[in-house]
Amino acid sequence: MIEALLATAMRTPKALTHAQMVSLLACDQTDALFQAAYRVKCETLGKRVHLRGLVEQGNFCSKDCYYCGIRKSNRAVERYALCSDDVIRMALWSYEQGYGSVVLQSGELASEEHTRQVEHILMELNRATQGQLGITLCLGEQNEETYRRWKAAGAHRYLLRMETSNPVLYAQLHPADHRFEARKQCLMMLQQIGYQVGSGVMIGLPGQTLDDLANDILFYTNLDLDMIGMGPYIPHADTPLGAGLTLDDDFRKRQLILGLKMIAVTRLQLHDVNIAATTALQALDEEGREKGLLAGANVIMPNVTDVQYRANYQLYANKPCLDENAAKCRNCLQWRVQSIGEEITWGERGDPLHFTKKDSRHVLKTNTRHRL
Ligand code: SAH
Ligand code: SF4
């Protein structure tokens with residue numbers, strides 16, 4: 001039965017029902033599942049991996065998500081904020097190394113000063129690279145004007161994880177003033193403004209079921225997302241959700257397998273989106289990211305933040321590469337990607353095919369309308 005399901009999903013995008021996704025997520029035939037998803041990835045997008053240099057701009061955050069190591073109530077964290085010149089230097093280093101894109105990520109801040117700083121960074125990066133560098137923002141919920149200003153200043157993509165598509169579970173993971181609907185509205189606003197939009201969930205959360213995970217994939221489908229960034233939940237001891245949970249070998253293995261299965265089923269459902277093999281996979285298994293690629297992911301986000309800041313940007317425990325500088329990471333990554341027979345698309349922006357197709361349909365429609 002699993003073989004028949006895989007064959008249908010490989011042939012036709014968006015063919016899986018909720019119940020079929022649950023069966024795939026529950027199945028023990030992981031090799032067959034991963035191979036099927038990897039074949040879809042290779043046939044749709046080639047044996048190619050896009051890189052995004054990740055700049056962790058700062059760990060000040062106005063929010064208090066119960067699972068996150070840099071939540072505002074965690075007094076054990078030393079707070080930092082990079083100056084604009086440092087962010088620009090790290091992003092341009094990535095560009096010069098041939099990483100076609102960068103991701104600027106931080107805790108959530110909403111102030112005119114912050115909006116203006118990001119605007120300045122975006123304009124400088126676009127000027128210095130003649131608009132060649134792909135820029136993704138991952139700076140949380142903002143108002144429409146801020147999203148518009150950042151788009152006008154040169155950002156291309158925005159990553160905002162829903163964390164879960166189940167509003168009840170969402171409410172258990174966040175204080176009452178962190179609102180599920182408000183976050184969802186942000187995703188729709190970002191799409192209307194014209195960003196390439198990505199979202200995702202944490203996988204293996206306490207209280208989360210396979211039903212929830214299948215619904216998460218339907219949520220990606222219904223929202224018509226361009227990019228998926230999701231990873232296993234990893235407890236952090238200094239958080240309400242993570243206190244008392246131990247990261248033993250069994251737990252790691254379970255989280256890793258579930259994370260890989262989610263990548264595979266998402267790829268079988270959404271053939272042409274970009275899917276990241278996130279760092280959380282690598283925190284559970286040294287080869288977690290390569291395994292993610294072989295389960296259908298096509299993007300890796302190497303950390304390019306100066307080593308001195310990394311220990312203070314621990315969203316979860318056991319974060320890898322805390323003491324490896326960006327140049328060392330680059331070599332290690334190239335070797336790792338080549339070792340599984342994939343190729344890094346040096347110097348390419350790596351826009352999601354899903355978005356490019358939508359965009360060309362839109363241009364075609366607009367041109368036709370002008371001619372009439
Ligand atoms: N503040 C921004 C971006 C930084 S947090 C935002 O929240 O959108 C980026 C992501 O880290 C979050 O969306 C969440 O999915 C992930 N994260 C936080 N704590 C985590 C944990 N304990 N395990 C796994 N992922 C975690
Ligand atoms: Fe802040 Fe993002 Fe962590 Fe929530 S997940 S506490 S918004 S950094």
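**Helix packing and the ligand site**

Mentor: In this predicted model, helix α2 passes helix α10 in a right-handed crossing.

Trainee: How is such a pair of helices described?

Mentor: Two packed helices are described by the angle between their axes and by the distance between those axes. Here α2 (residues 18-26) and α10 (residues 249-269) pack at about 145 degrees, with their axes 9 Å apart.

Trainee: Which residues of α2 and α10 meet?

Mentor: From α2, the residues are M21, L24, L25 and A26; from α10, they are K261, M262, V265, L268 and Q269. By class, this contact comprises 7 nonpolar residues, 1 polar and 1 charged.

Trainee: At what angle do α6 and α8 pack?

Mentor: Helix α6 (residues 144-152) and helix α8 (residues 180-193) pack at about 40 degrees, and their axes are 10 Å apart. The crossing of α6 and α8 is right-handed. E144, Y147, R148 and K151 of α6 meet C186, M189, L190 and I193 of α8. That contact has 5 nonpolar and 3 charged residues, with no polar ones.

Trainee: How many residues surround ligand 1?

Mentor: There are 18, and the closest are Y67, R161, E163, R183 and I234. A backbone N or O atom of Y67 lies 3.0 Å from a nitrogen atom of ligand 1. A polar backbone atom of I234 is 2.8 Å from a nitrogen atom of the ligand. For R161, an N or O atom in the side chain is 2.8 Å from an oxygen atom of ligand 1.

Trainee: How much of ligand 1 does the protein bury?

Mentor: Taken alone, ligand 1 exposes 540 Å², of which the protein buries 93%.

Conventions. Residues are numbered from 1 along each chain as its sequence is written. Chains are lettered from A and ligands numbered from 1 in the order in which they are written. This is a predicted model: local features need pLDDT of at least 70, side-chain atom pairs count only at pLDDT 80 or more; totals for chains, interfaces and linings use all residues. Side-chain values use heavy atoms; hydrogens and water are left out. Axes are lines fitted to C-alpha atoms, for helices over the stretch in contact, and angles run from 0 to 180 degrees between N-to-C directions. Helices (H or I, at least four residues) and strands (E, at least two) are DSSP runs, numbered from the N terminus. A crossing is left-handed if the near helix is turned anticlockwise from the far one by less than a right angle, and right-handed if clockwise. Contact means heavy atoms within 4.5 Å. Ala, Val, Leu, Ile, Met, Phe, Trp, Tyr, Cys and Pro count as nonpolar, Asp, Glu, Lys and Arg as charged, and the others, Gly among them, as polar. A residue is near a molecule or strand if one of its heavy atoms lies within 4 Å of it. A polar contact is a pair of N or O atoms within 3.5 Å; within protein, one must be able to donate a hydrogen and the other to accept it, and residues adjacent in sequence count only if both atoms are side-chain atoms. Accessible areas come from the Shrake-Rupley method with a 1.4 Å probe; for residues, only the protein chains shown count as cover.
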